[in-house]
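Please look over the model below before reading on. The numbered points then go through its pockets, cavities, cores and aromatic rings.

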Amino acid sequence: MERLGTETAFSVLAKAKALEAEGREIIHLEIGEPDFDTPDHVVEAGCRALRDGHTHYTPTAGIPELREAIAADVTRSRGIDVGPEQVVVTPGGKPIMFFTILALVDEGDEVLLPNPAFPIYESMVNFVGAKPVFVPLRQEHGFRFDLEDVRAGLSECTRLVILNSPANPTGGVLTTDDIAGLTDILRERPDVYVLSDEIYSRLLYTGDFASIASEPGLGPDGRTIILDGFSKTYAMTGWRLGYGVMPVPLAEEVAKLQVNSNSCTSAATQRAGLAALGGPQDAVESMLAEFRARRDLIVAGLNELPGVECITPQGAFYAFPRITETGHPADDLAELLLDEAGVACLSGTAFGRYGEGHLRLSYANSRENIALALERMGRVLSRVAR
Ligand SMILES: Cc1ncc(COP(=O)(O)O)c(C=O)c1O
């Protein structure tokens, strides 16, 4: 159990809530979830499902209608042929990390993964006794993979490569050229699986979404597992609904892991997901437009602060400014901002050692609160920055 890591966002949220209970007014920029409500027609479908008696177990891999709808959606959005038998529906996207790493990676194997990155990848790789091999994401390179690092990181022991685009915590996005370069490298290694975490695929500010799964030979009929879900796209974090799309033999193993843990995903939640996929998408578009306005506000404001430099994120809803010029290590600065400015954010180190020198601010909060947070941070930083 000592090898298992955690997500610092939840512990910072707990500390911020404790300060609020003491009467402090805290602005929450730490937690990675849309502040919008789930669209009405989706909520209505969930309520209707409960009233109609969808209160029982479902098939382990998901109700057939939802697996069909997800397969059709992925077929359209990634331009590949996907069948429902390749889809496993899970309570959130996270179990797909847990299950696929458990299913594919053995003790002594190596897993290539970005750093900084969502902390659960590293946690799970360590948990199964494998070795994480990091591909550093650098601000100078737009927080994208440097393909030379990927090439250098691969070894005979590599079993899995993890990709995440658009990325948490950096907002970096892999370009079509990056994907083409990665494809060339991976074509030489047909024994390596790819876990492509595409949970932010609909939260992209410019261009079309590019997935490695669209590349011939690297689709989910071969060796790529797409992780996606409803949490971020439809503001449904609390419903717990996600999925993986993968080769059929692996889908069968992952379904076995699910039967050993969750049994299945909540029946009414799955019906709500069906409404989300099949219904109007205007709420997704308006959330994206609002996130873009907030992104522009927070990036401009951060670049005005002493010692802070922030590049423009291309996707997701996180800013990942460099704060080295403030003269404070990231952990200390995050703590100082919570204690003295009442602004909760995360240290870049919560996402791995290459996150040092950065903070992660989630801009899933109102423009008023973001403006107020920037003002308060400015007051503290003009006092403590060197
Ligand atoms: C990169 C990434 N992948 C997966 C997830 C998990 O999403 P879910 O809430 O659907 O489990 C998150 C959540 O923050 C995330 O940031």
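**Notes on the structure**

1. Start with the lining of the largest pocket: its residues divide into 15 nonpolar, eight polar and eight charged. Here Ala, Val, Leu, Ile, Met, Phe, Trp, Tyr, Cys and Pro count as nonpolar, Asp, Glu, Lys and Arg as charged, and the others, Gly among them, as polar. A pocket is found on a 1 Å grid over the protein atoms alone: it is an open set of points with protein on both sides within 12 Å along at least five of seven lines. Lining residues have an atom within 4 Å of a point.

2. Keep the source in mind. This is a predicted model, where local features need pLDDT of at least 70 and side-chain atom pairs count only at pLDDT 80 or more, while totals for chains, interfaces and linings use all residues. Residues are numbered from 1 along each chain as its sequence is written, and side-chain values use heavy atoms, with hydrogens and water left out.

3. How much space lies in the largest pocket? About 530 Å³. That volume is the space filled by probe spheres set on the grid points, which are joined across faces, edges and corners. The lining has 31 residues, and E7, F10, G32, F118 and K232 lie nearest the centre. At least two lining residues come from each of α1 (8–21), α4 (94–104) and α5 (119–127). The largest share, five residues, is from α1. Helices (H or I, at least four residues) and strands (E, at least two) are DSSP runs, numbered from the N terminus.

4. The second largest pocket has a volume of about 460 Å³. It is lined by 21 residues, with R76, S77, S201, R202 and F209 closest to its centre. Two or more lining residues come from each of α3 (64–78), β7 (224–229) and α10 (282–304). Helix α3 gives the largest share, four residues. By type, this lining has eight nonpolar, six polar and seven charged residues.

5. A cavity is a set of grid points where a 1.4 Å probe fits but cannot get out. The count comes to three cavities of 30 Å³ or more.

6. Which residues touch the most other members of the largest nonpolar core? They are I298 and L302, in a core of 68 residues. A nonpolar core is a set of buried Ala, Val, Leu, Ile, Met, Phe, Trp, Tyr and Cys residues joined through side-chain atoms within 4.5 Å. Buried means under 20% relative accessible area, exposed over 50%, and partly exposed in between (1.4 Å probe, protein chains only). I298 touches A319, L361, Y363, I370 and L374, leaving aside residues up to four places away in sequence. A contact here means heavy atoms within 4.5 Å. Another core lies apart from this one, with 22 residues, among them V74, I226, V245 and V284. In soluble globular proteins, nonpolar side chains tend to be buried together.

7. The whole structure has 10 aromatic pairs. Rings of Phe, Tyr and Trp (its six-membered ring) pair if their centres lie within 6.5 Å; planes under 30 degrees apart count as stacked, over 60 as edge-to-face and the rest as tilted. Why is the pair of F98 and F99 edge-to-face? The planes of the two rings are at 80 degrees, with centres 6.3 Å apart, so the pair gets that label. F98 is partly exposed, at 35% relative accessibility. F99 is buried, at 4%.

8. F143 and F320 also form an edge-to-face pair, because their planes are at 75 degrees and their centres 5.6 Å apart. This pair links distant parts of the chain, 177 residues apart. F143 sits in the loop between β4 (131–136) and α6 (147–153), and F320 in the loop between β9 (318–319) and α11 (330–341). Both F143 and F320 are buried.

9. One aromatic cluster is formed by F36, Y200, F291, F317 and Y318.
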